[in-house]
Amino acid sequence: MSHTYDFVVAANRLPVDRVTGEEGNEGWRRSPGGLVTAMDAVMRGRDGAWVGWAGDPGEAPAPFDDAGMQLHPVPLSEQEIADYYEGHSNDTLWPVYHDVIITPTFKRSWRGAYRAVNKRFAQACADIAAEGATVWVHDYQLQLVPEMLRELRPDLRIGWFNHIPFPAVELFAQLPGREEILEGLLGADFLGFQRTEDAGNFLRAVRQYLDLDVTGDVVDLGERQVRAAAVPISIDVEGLREIVESDSVQARAREIREQLGNPEKILLGVDRLDYTKGIRHRLKAFGELLADERLDPSKHKLIQVATPSRERVKAYMDLRDQIELTVGRINGDFSSIGATALTYLHRSFDREEMAAMFAAADIMLVTPLRDGMNLVAKEYVTCCADDGALVLSEFAGAATELSDAYLCNPHDIAGLKQQIMKAVDAPAPQRRQRMDSMRALVSENSVQQWAKNYLASLEAAPKAPSTQAAS
Ligand code: ADP
Ligand code: G6P
């Protein structure tokens, strides 16, 4: 029998993507997104395996070791990438779970692929989990895995954590196959969500569509119970602090300021290029503030980092076109030779460069229309100068904890402009005081602490009769 593990993580993506260079040479590069940032930090230095997709079509590479972590690639065909990943996961579930910001596409064939790929993930976990092991399943791409895995391996402790919001029942109601998803999730022993509201939405959906008894945060399935509660995710505070406090990153932060002409204020946005992130609303507000002459393009510079994401999904292609058009317009209207009002960067950077940007920025703009947590907000708070300021959307999960930010409703452009100006004009002591309290909050709940809390809840969940008999 092949090697088995007491702790297994399953997520759609591995922490690294396989990339093929122009000359056919293969390499690995860090995968995008908050899930990977968080779970990579949790898994390093811990004995365990990570089951996930290597990011390209066709045969999966053999399992391999990545800095002590055992990676177990799951293959996806071209068709499955189109139907399971780009289709059902990112063109059906993603928009439904993010307040239907765009109209979701519903396709029956996509659901079949979602089921088949979830089955493959469940089997891959079952194959490598030791007797009585803990398997921690992640996110909306794998919602059927808990039930499928329990059927294969009733001896396991199964947890699931949702990195994104869980929608209100009125929106969840639209989803063909909604009962199947709820039943899939209820295969877990413990379900974790970013906010209490998300767990509440899930419990309401269970009551409404499965007609099960729910008492407090516990669903009664008769033979066993499943708890659903909030465990808000965080970042690797110590690791990031170490990076940002290094001489080279501090020097790079100064260099960034110099390269922008030492402006009075640097504003910064860092997002995957996703319609949930409110990038269009932010650019509109910035453009109008320049036009109103409340911001001065020679004194106030915006850097917008937009990480390429899901580039074959139409909504993402359209969004890129709209954003790049807006960037061009703003720069056409307000830049001068050698002095660009808005620096737009459509690519990935290493952690040092990201930390340097956070350290260089006076004002961070995090304005999603809906976001599970938004780790960028917490990263900025950890890296910025003592008098940095955070403008944060009420619709980001992070707003529950970071209530000392300059909170905004990004749909209300006038209100958003007002909050940006409040952050720009705030006296340094006020900014310092707000930042101090947010920093204390973020450092109290590192991602390592989050994982500990989550796993303690999973461990404390009532054992199913079959696992009790086995132990
Ligand atoms: P999401 O998971 O939706 O992408 P989060 O804000 O929760 O959003 O997490 C994004 C993560 O990706 C953060 O850790 C952030 O630092 C990182 N990131 C964002 N843009 C880039 C980029 N261009 N290059 C490298 N890392 C990035
Ligand atoms: C969000 C999701 C993750 C996903 C990431 C990047 O953080 O919660 O599950 O991995 O975005 O998206 P991608 O589609 O590139 O994996």
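**Reading a domain interface**

Mentor: The C-alpha centres of domain 1 and domain 2 are 29 Å apart. This is a predicted model, where local features need pLDDT of at least 70 and side-chain atom pairs pLDDT 80 or more, while totals for chains, interfaces and linings use all residues. Residues are numbered from 1 along each chain as its sequence is written, and side-chain values use heavy atoms, with hydrogens and water left out.

Trainee: Which residues does the assignment give to domain 1 and domain 2?

Mentor: Bounds like these come from an automatic or database domain assignment. Here domain 1 is 5-233 + 449-460, and domain 2 is 237-444.

Trainee: What area is buried between domain 1 and domain 2?

Mentor: Interface size is often given as the accessible area lost when the parts come together. With a 1.4 Å probe and the loss summed over both parts, it's about 1900 Å² here, with carbon and sulfur atoms giving 61%. Glu86, Trp94 and Ile101 supply 25% of what domain 1 buries against domain 2, more than any other three residues.

Trainee: How many salt bridges does the rule find across the interface?

Mentor: The rule wants a side-chain nitrogen of Lys or Arg within 4 Å of a carboxyl oxygen of Asp or Glu. It finds 3 across the interface of domain 1 and domain 2. As for a named salt bridge in this model, Arg370 and Asp99 pair up through their side chains at 3.0 Å, N to O.

Technical notes. Chains lettered and ligands numbered in written order. Buried area = accessible area lost by both parts, 1.4 Å probe.
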